[in-house]
Amino acid sequence: MERIPILKMGPYLLVTIQVDMHDRVAMTLQDELTQQIVAHHARGVLLDISSVNVVDSFIGRMIGNIAGISRVLDAETVVVGMRPAVAITLVELGMALPGVRTALNVDAGMALLKSAGRIATNGRPAR
Amino acid sequence: MAVLRDDRIGVRTVDDIIKARQLVRDSAIAQGLSLVDQTKLVTAASEIARNTLVHGGGGYMRLETLNDGTRRGIRLTFSDQGPGIADIALAMKDGYSTAGGLGLGLGGTKRLVNEFDLESEPGKGTKVTILRWR
């Protein structure tokens with residue numbers, strides 16, 4: 001079964017989805033990413049979906065799960081590169097991905113992760 | 001209304017959902033649908049195909065490309081012989097789910113297409129027809 005590679009970039013994990021995602025591939029990614037966040041003490045996850053041309057409610061739910069799980073593990077997730085047609089479709093479907101941070105591209109997403117690291121929002125020292 | 005093409009593929013595994021998405025995408029491109037309309041139709045097909053598999057225990061998808069003289073379109077019909085839907089109005093409501101999903105399947109899908117029809121009889125199965133015009 002094909003797997004989606006998870007790249008480590010300093011304190012962040014970068015995932016680029018380039019296939020029409022099979023349900024099992026999505027579930028495996030969710031599991032592996034959770035393990036890698038813990039193993040690498042990752043501070044953030046950048047999920048690049050710029051090559052994805054369909055996000056149905058199953059994949060949308062997986063994106064929401066990844067954001068939720070990483071938040072519980074003290075890492076921020078930013079979804080980057082959503083295609084305009086996918087954005088329109090997701091909103092009409094009724095799935096605006098609440099609680100998921102987004103950025104237009106990888107550069108903007110990385111900047112967002114870095115600034116999230118500098119601003120201490122919960123009384124802790126800034127990262 | 002002229003039916004230009006009439007295909008039928010099984011929806012029995014998750015792989016079939018991906019095959020169905022690809023077939024719908026190719027046909028939508030061939031019919032000249034815009035990128036946004038292609039994406040809406042493929043997403044709608046993915047939602048209904050998953051229902052056919054998960055709730056209906058599998059079935060098939062029929063794909064017809066149409067021309068009514070002024071417009072071109074694609075009609076997809078998903079049929080299964082599963083348990084059926086007892087309360088269609090409830091099943092169409094956003095937020096309703098029996099499978100632990102988000103409950104966006106049917107109500108959300110209806111918004112992605114121009115025509116939507118659902119026939120179901122408890123114990124006999126479900127047939128969902130969706131149509132998107134160019």
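**Reading a two-chain model, feature by feature**

Student: A:L97 counts as partly exposed, with 18 C-beta neighbours inside 10 Å. Where does A:L97 lie?

Tutor: Keep in mind that this is a predicted model. A:L97 sits in the loop between α3 (84-93) and β5 (101-103) of chain A. Check its backbone too: A:L97 is not a glycine, yet its phi is positive, about 50°.

Student: Now a helix residue. Why is A:L29 buried?

Tutor: The cut-off for buried is 20 or more other C-beta atoms within 10 Å. A:L29 is buried because it has 20 of them. It belongs to helix α1 of chain A. Setting aside neighbours within four places in sequence, its contacts are A:I4 and A:V15.

Student: Let's do sheets. Which strands are joined to β3(A) by five bridges?

Tutor: Look for bridge partners, then check direction. β2 (residues 12-16) of chain A is joined to β3(A) by five bridges, and the two run parallel. Another five bridges link β3(A) to β4 (residues 76-80) of chain A, again in parallel. For residue pairs, A:V15 stands opposite A:L47, while A:G44 has A:E76 as its bridge partner. As for burial, four of the five residues in β3(A) (residues 44-48) are buried.

Student: What is the handedness of the crossover from β3(A) to β4(A)?

Tutor: Trace the path over the helix between the strands. Going from β3(A) through α2 (residues 57-72) of chain A to β4(A), the β-α-β crossover is right-handed. The crossover from β2(A) through α1 (residues 23-39) of chain A to β3(A) is right-handed as well.

Student: And chain B: which way do β4(B) and β5(B) run, parallel or antiparallel?

Tutor: Antiparallel, with seven bridges joining β4 (residues 115-121) to β5 (residues 125-133) of chain B. One bridge pairs B:E115 with B:L131. The hairpin has three residues between its strands, and B:G123 there takes a positive phi near 90°.

Student: Which residues have the most contacts inside the largest nonpolar core?

Tutor: In soluble globular proteins, nonpolar side chains tend to be buried together. Here the largest nonpolar core has 52 residues, and A:V45, A:L47, B:L41, B:A45 and B:A49 have the most contacts inside it. α2(B) gives the largest share of this core, seven residues. Beyond four places in sequence, A:V45 touches several residues, among them A:L13, A:V15, A:I66 and A:T77.

Student: How many residues of chain B are in contact with chain A?

Tutor: Twenty residues of chain B contact 17 of chain A. On the chain B side, α1 (14-30), α2 and α4 (105-110) each supply at least two residues. The largest share, nine residues, comes from α2(B). By type, the chain B side splits into eight nonpolar, six polar and six charged residues.

Student: α2(B) keeps coming up. How many of its residues are buried?

Tutor: 17 of its 20, so to speak mostly covered. This helix (residues 35-54) reaches 28 Å from first C-alpha to last, close to the 28 Å expected at 1.5 Å a residue.

Technical notes
Residues numbered from 1 in each chain as written. Chains lettered and ligands numbered in written order. Predicted model: local features only at pLDDT ≥ 70, side-chain atom pairs only at ≥ 80, totals over all residues. Expected span 1.5 Å × (residues − 1). Buried ≥ 20, exposed ≤ 12 C-beta atoms within 10 Å, placed from the backbone. Contact = placed C-beta atoms within 7 Å. Nonpolar A, V, L, I, M, F, W, Y, C, P; charged D, E, K, R; others polar. Pairing = 2+ DSSP bridges. Right-handed = clockwise from strand over helix to strand, strands pointing away. Core = buried A, V, L, I, M, F, W, Y, C linked by C-beta atoms within 7 Å.
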